[in-house]
Amino acid sequence: MQKFNFKDIFTSAIKIGDQKIRVQKIIIPIIQRDYAQGRNTSTIKRVRKNFLNALFDAVTKKPITLDFIYGDLNDNGILTPLDGQQRLTTLFLLYWYAAKKEKIDAAKYSFLKYFSYETRPDTRDFCADLINFQPKFKDKLSNEIQDQAWFPLSWKKDPSINAMLEMLDAINGKFSGVQNIWQKLENNAISFYFLPIKDMGLTDEIYITMNSRGKLLTDFEHFKAEFKSRLDNFDAAISNRIVQKIDTVWTDMLWQYRDDKNLIDSGFLNYFKFLCDILLYKKNDTPQNSSRESFFDLLDEFFSGKVKENLEFMEKSFDCWCDIDIGKFFGERVSRGSKSKNLENISQPGKIILYFDKTNLFEDCVKSAGKNFSLGKTIMLYAFTFYLCNKEKISDKNFRRRIRIVNNLVNNSVGAELSDSEARQGGNRLPAILKQIESILIDEKIIVLGPNFNDYQLKEEQQKIEWLAKNPNYAESLFELEDHYLLYGQIGIIGLENPQNFKRFILLFSLDYDLIARAFLSGWDYFQHKKQLYQFGAALPVSWQNLFHFSSYNENYKSTAEYLNAFLDETDFFTEDFLNEMIDNYLKNQRNWKRFEWSYYYVNYPEFRIGRYGKYFWKNFEDQPYLILAWVTGERKSEKAYQPFLRAIVDEETFQNYYNPVSERLEFNKYFIACENDSYVVKEIESGKEIDRLKIKQDNGIDTEDRIQKFKIWNKKNKYCV
C-alpha cells in the first residue's frame with residue numbers, strides 16, 4: 001500500500017509482488033456508475049459541500065489523506081479503479097481548475113490527459129477537450145464551457161458531463177479566492193492511499209462485491225462514514241467503541257423497528273435527530289434556528305461545543321434502551337387515552353394515560369421520519385430516556401409518580417406554553433422545560449424558572465406534591481380523577497380541599513351529558529363567559545373540558561368550581577333518575593311561581609341544546625336575556641347558528657326551510673317573524689312595517705308565562721308559521 005497525490009500516481013512505479021509497474025492511464029470502466037458528486041439531489045449537494053470543504057481546508061490549512069483507492073493495475077500500466085472513481089474524478093477537475101486559473105505551463109499538467117472515461121465516448125471526449133481549453137473566468141465556468149464550439153448540444157444529456165460542469169462551478173465558488181493552489185497540490189496538500197489488486201479479472205461480480213457500485217450508497221451509509229470520520233478525528237478510542245455499538249448492540253436494539261426493506265437506517269437517523277434536538281435545547285438553542293437540509297447537517301451541531309459531553313449523552317441515550325424490553329417497558333407504564341367519552345381511558349395503578357396516537361414513544365420516534373413527532377412527544381420521550389439514563393438515582397416507584405406530574409404538565413400546556421420558537425410569547429421554552437423535567441424526576445420538585453410549562457398547572461402540581469405528602473391515602477383516588485378524559489391532569493375545578501367529590505365526579509360524568517347539563521343549570525348558573533360569548537356543557541366532551549380547565553378566556557372559572565362542588569355535594573350516588581328528579585322539580589317550581597327565566601327554556605326545550613360545543617352568544621345578557629344565539633360550531637359563528645326561541649316554535653322542517661341565519665328570523669312569503677326580548681313580532685320583509693306583535697308578560701324583565709307555548713296557541717289562530 002502506497003500513498004500518492006493525483007499527479008504522483010502517474011509518475012511513480014507501483015510495486016506489485018516482484019514487479020514495479022508505472023501507471024500509464026487511469027480508465028473509468030463502463031460498469032462504474034456515472035460521475036455523481038456534481039448532481040443536484042439534496043444528498044449529493046451535502047456530499048459535495050462536505051468534500052469540497054475538506055479539500056479547501058487541506059489546501060488552505062492542514063493537508064489531508066483521503067480514504068483508500070482500490071484498483072486493478074495490469075501489465076500495460078492501465079489502472080482501472082474498483083473503488084475511488086468519484087474522488088479521482090473530483091481531483092482531476094480540481095487539478096485542471098488550479099492549472100487553468102493559475103496558468104500553469106501545459107507540460108506540468110499534461111498527465112491529466114491520461115485520466116479518461118475511455119469506454120464512454122462523450123465523457124472521454126469532454127475530458128480531452130477540457131484539458132485543451134483555457135477559460136477566461138469572467139462567467140460561470142459551465143457557461144463558458146458550454147458556449148465553446150467543441151461542446152455539442154448532445155453532451156448536455158450526458159449525466160457525467162453535467163455533473164462535472166456542476167462540480168467545476170462549485171470548485172470555482174469555493175477556491176476562487178485561494179492563491180497558489182497548484183503549488184500546494186504538488187506539495188501533497190491532498191493525498192490518498194492506493195491499493196493495487198492484480199490478476200483478479202474485471203467482472204461485474206467483482207465490482208459489486210468490492211464496493212456495491214451496482215447501487216447508490218444510502219443516506220445512512222454516507223452518514224455513518226462521515227460520523228466515523230469525525231469521531232476518528234476527535235478520539236480514536238471513543239470512535240472504535242461507538243462505531244462497534246452502531247454495528248452490534250444498537251442495531252440489535254433497533255432491529256425490531258426495521259422497515260419493510262429490513263433496514264434500521266431511518267430508525268437510527270430519526271432517533272439521532274431527536275438527540276440532536278435535545279442537545280440544542282440544552283444549549284439554550286432551538287432546531288428552528290438551524291438551517292438543516294438533511295440529517296448530515298446534524299453532525300455540525302453535534303460536533304460543536306462540548307463534544308465529549310455530547311458523545312456521552314448520545315451513547316447513554318442509545319445504551320439505555322438496549323437492556324430492556326422496550327414494548328413491555330411502555331406497556332407497564334403507559335396506556336392510551338382519548339379526550340372523548342369512551343372505554344379507553346381506564347385509570348390503572350402505576351400507569352399514566354398518554355393522549356397520543358401511540359404509547360411506545362421510542363418506536364414512534366424511530367418510525368416517524370421526522371414527521372408527526374410533536375413537541376409534546378419529544379418532551380415525554382426525553383422524560384422516559386432521562387429516567388433510564390439515571391435509574392440509579394430514581395426508583396421505579398418514584399418514577400411512576402413523577403412521570404405523572406410531567407404528563408399533567410404536558411397535557412395542560414398549549415400554544416406558546418409548549419413552543420421552541422423564539423418568535424412566540426415566552427420565546428423558546430424547551431430549555432427551561434427540560435430543566436423542569438429533570439428536577440421533577442430526580443427530586444420531585446417544581447423549580448422556579450423562566451417561562452416553561454403552564455403557570456397554573458405548575459402551581460397545581462406543586463400543591464399536589466405537598467398535599468399528597470400529608471394525605472398519602474388519597475393518592476390513588478387523586479390519580480383516578482386526574483385520568484378522567486374531561487380533566488386530563490388538571491383537577492382544580494374540584495380542588496384538593498374536596499376529596500369527597502373525587503369519585504362523585506367520575507360517577508356523575510359517566511351519565512348522559514345532556515341530562516347533566518340540564519340538571520346542573522336547574523340549580524346553578526355554572527356557565528363561563530368572556531364578553532358576549534358563553535360556555536355551557538353540551539353533547540361533546542370538549543364543552544366540559546373548556547369549562548373545567550382554567551383559562552384567561554373564562555372570566556368566572558372560580559364560580560364554576562364552587563357550583564360544581566355544590567352540585568357534587570348533592571349525593572354520593574348519581575343516577576339518571578336522580579338527575580331527572582332535579583330537573584322535574586326545577587321545571588315544576590318555575591311553572592308554579594310563573595317565573596320563566598331563560599334557563600327554564602334551556603332546561604325544558606331540546607331545541608335550545610342542539611349546539612354540541614355549548615357555545616351561546618348574548619348581545620346583552622343582563623338586560624336582554626331572551627335575545628340569544630346558539631352556536632353549532634366550536635370556534636366561530638357559522639351559518640348554522642340559530643335563535644333558539646324561533647327554533648322551538650316550529651317543527652324542524654319548517655325551521656330549516658324558512659330560517660334566515662343572517663337576519664336571525666323566520667321568513668314566510670312577504671313577511672318575517674323575529675324574537676325580541678319581550679315579544680314575538682311579525683313584519684313585512686320589503687318595508688319592515690309591523691303587521692302584528694305577541695307581547696310576553698314579564699315581571700322585572702322575567703317572563704311570567706311560557707312564551708313558546710303562548711306563541712303556538714297564538715299561531716293556530718293567526719297561522720303566521722305555515
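A residue is called buried when its relative accessible area is under 20%, exposed when over 50%, and partly exposed in between (1.4 Å probe, protein chains only). Helices (H or I, at least four residues) and strands (E, at least two) are DSSP runs, numbered from the N terminus. The model is predicted: local features need pLDDT of at least 70, side-chain atom pairs count only at pLDDT 80 or more, and totals for chains, interfaces and linings use all residues. Residues are numbered from 1 along each chain as its sequence is written, and side-chain values use heavy atoms, with hydrogens and water left out.

The protein contains 29 helices and 21 strands. Its radius of gyration, taken over C-alpha atoms, is 38 Å. Along the principal axes, the C-alpha atoms fill a box of roughly 120 × 70 × 45 Å. Of the 722 residues, 53% are buried. Contacts (heavy atoms within 4.5 Å) were also classed by sequence separation. Among contacts with a separation of 6 or more, 64% join residues 24 or more positions apart. The protein exposes about 33,800 Å², and carbon and sulfur atoms supply 48% of this area. Accessible areas come from the Shrake-Rupley method with a 1.4 Å probe; for residues, only the protein chains shown count as cover.

Helix α22 spans residues 513-523. Of its 11 residues, 9 are buried, so the helix is largely enclosed by the rest of the structure. The buried set comprises Tyr513, Leu515, Ile516, Ala517, Arg518, Ala519, Phe520, Leu521 and Ser522. These residues pack against five helices: α21 (502-508), α23 (541-548), α24 (557-568), α25 (576-593) and α26 (598-604).

Charge was examined next. The protein has 101 positive and 101 negative side chains. Lys and Arg count as positive and Asp and Glu as negative; His and the chain ends are not counted. With each charge placed at NZ of Lys, CZ of Arg, CG of Asp or CD of Glu, the centres of the two sets lie 3 Å apart. Side chains of opposite charge can pair when their charged atoms come close. A salt bridge is a side-chain nitrogen of Lys or Arg within 4 Å of a carboxyl oxygen of Asp or Glu. By this rule there are 39 salt bridges.

One of them pairs lysine 245 with glutamate 315, the closest N and O atoms being 2.7 Å apart. The pair links distant parts of the chain: lysine 245 is in helix α9 (residues 236-247), glutamate 315 is in helix α13 (residues 307-319), and 70 residues separate them. Both partners are buried, lysine 245 at 18% relative accessibility and glutamate 315 at 8%.

Arginine 595 pairs with glutamate 597, with closest N and O atoms 3.8 Å apart. Here glutamate 597 is partly exposed at 24%, and arginine 595 is partly exposed at 36%. A further salt bridge joins arginine 647 and glutamate 652, with a closest N and O distance of 3.0 Å. Arginine 647 is buried at 9%, whereas glutamate 652 is partly exposed at 41%. Shared partners also join salt bridges into one network of Arg404, Glu460, Glu461, Lys464, Glu482 and Asp483.

Individual positions were then compared. Aspartate 703 lies in strand β21 (residues 702-703). Its relative accessible area is 0%, so it is buried. Leaving aside neighbours within four places in sequence, aspartate 703 contacts Lys594, Arg595, Phe596, Tyr601, Tyr626, Ile696, Lys697 and Gln698. Aspartate 703 and asparagine 677 are 26 residues apart in sequence and 9.5 Å apart in space, C-alpha to C-alpha.

Glutamine 490 lies in the loop between α20 (475-482) and α21. Glutamine 490 is buried, at 2% relative accessibility. Beyond neighbours within four places in sequence, its contacts are Asn412, Tyr456, Gln457, Glu460, Phe548, His549, Phe550 and Tyr557. Between glutamine 490 and aspartate 678, the C-alpha separation is 42 Å, across 188 residues of sequence.

Asparagine 700 lies in the loop between β20 (698-699) and β21. Asparagine 700 is exposed, with a relative accessible area of 78%. Isoleucine 446 is 254 residues away from asparagine 700 in sequence and 52 Å away in space, C-alpha to C-alpha.

Conventions. The radius of gyration is taken over C-alpha atoms; the globule rule is 2.2 Å times the number of residues to the power 0.38.
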